[in-house]
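Subject: Structure handover

Hello,

Here is the structure we discussed, with the sequence alongside. My notes follow below it.

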Amino acid sequence: MALPIHLAGTHWETLHPPLLEAGSYAVDPAPYGPPWRWSDEVGAAERGRFVPFGVLSDGPSGTVLLAPGDLRGTRLILERAGGYCRGIDGRDGPNLACLGCDLPVGTRMDDCGCWQVVRLLPQAAVRLSAPPERPIMDWTELTATGALWHRQSGYRDIPAGVALARVVVAAGGAPVEVASGPVADLLGRALGALLPAGAGAKRLDLAGPGFGEPAADLLLVPVHPQTGATWQPGAGAVPVPMDAALWAELAFPPHRSGLPSAGGLPAGVERDDPLSPHPCHPFKPSGEAFGYTLARTAAVRESWLRAIYDRGC
């Protein structure tokens, strides 16, 4: 699978689900884990960090990410099992050892504020002959089979923060006009606070496979969950990549009927007692994911975007 977009952020003191689905893996090209070095010592820009930062990982690149339940033949290294309060977070370095040779082979993370994941050290992982990997689906197959319909639930603010940052960069400092609807509900308030109002606004809309391509300057389009490729519009609009699951929620929201019904409840009909939960505050994209994405965009060195980064989401 492509490296999940929601790796960009977490919810503090919250137990998270596994980062990846069972039976899948992803590779993280960024360095991970100790040792840690001051950013000016390792060259932050070469590491894809374009704003001043304290310390960065100087650990191995190319760690292989798995769902924790997919790992076999390892044991926990107890003296490296440090964490915050509800689990382990890898702060002490690789905490999993091979049962065969007893050498460290990876790191498990499952503490609060962490996506549950295992990271295998690249030098400890060897690809063996095995059954074929899951075939790559094209966009038609993805939409027809429902493979995009992995609901983000309570964590949708994280990919929304990533998408918000990408829209701001694509707008180039110009105002953005968002038509009423799910995109406005998701990003409208934040864009209004971050970008100026006035003439010359760029229109933002949604486009993608099975949905269509409206006339707009900027189009939120899905990222292929397996390959990481961005769906490309046919017209001259600028594509703004978005997590495929969140895109599917906006493009094809689940149908809910508010009409009363007699007898048993048909599929898709919800009772109004009790009422479905309503948030106490308007939706807000993740500020952590927003800053994480901008900091890894070379354009953040421009004064107008740096001012937005410093102000935050």
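Which side chain does a polar contact of 3.0 Å join to that of Arg-119? The partner is Thr-63. Please keep in mind that this is a predicted model.

Arg-119 is found in strand E8, which covers residues 117-120. With a relative accessible area of 6%, Arg-119 counts as buried, because the cut-off for that class is under 20%. Leaving aside neighbours within four places in sequence, Arg-119 is in contact with Leu-7, Asp-28, Tyr-32, Thr-63, Val-64, Leu-65, Val-105, Gly-106 and Thr-107.

Next, the nonpolar cores. The largest one has 36 residues, and the members that touch the most others in it are Val-168, Leu-191, Leu-204 and Leu-220. Beyond its neighbours within four places in sequence, Leu-220 is in contact with Ala-163, Val-167, Val-183, Leu-187, Leu-204, Asp-205, Leu-206, Ala-207, Val-240, Met-242 and Trp-247. Another core, of 17 residues, lies apart from the largest one; Ile-5, Met-109, Tyr-155 and Val-223 are among its members.

Last, helix H6, residues 287-295. At its start, a side-chain oxygen of Ser-286 reaches to within 3.4 Å of the backbone nitrogen of Glu-288. The buried residues of H6 are Ala-289, Phe-290, Gly-291, Thr-293, Leu-294 and Ala-295. These residues pack against three helices: H3 (157-171), H4 (182-194) and H7 (303-311).

Regards

Terms used: Residues are numbered from 1 along each chain as its sequence is written. This is a predicted model: local features need pLDDT of at least 70, side-chain atom pairs count only at pLDDT 80 or more; totals for chains, interfaces and linings use all residues. Side-chain values use heavy atoms; hydrogens and water are left out. A nonpolar core is a set of buried Ala, Val, Leu, Ile, Met, Phe, Trp, Tyr and Cys residues joined through side-chain atoms within 4.5 Å. Buried means under 20% relative accessible area, exposed over 50%, partly exposed in between (1.4 Å probe, protein chains only). Contact means heavy atoms within 4.5 Å. Helices (H or I, at least four residues) and strands (E, at least two) are DSSP runs, numbered from the N terminus. A polar contact is a pair of N or O atoms within 3.5 Å; within protein, one must be able to donate a hydrogen and the other to accept it, and residues adjacent in sequence count only if both atoms are side-chain atoms.
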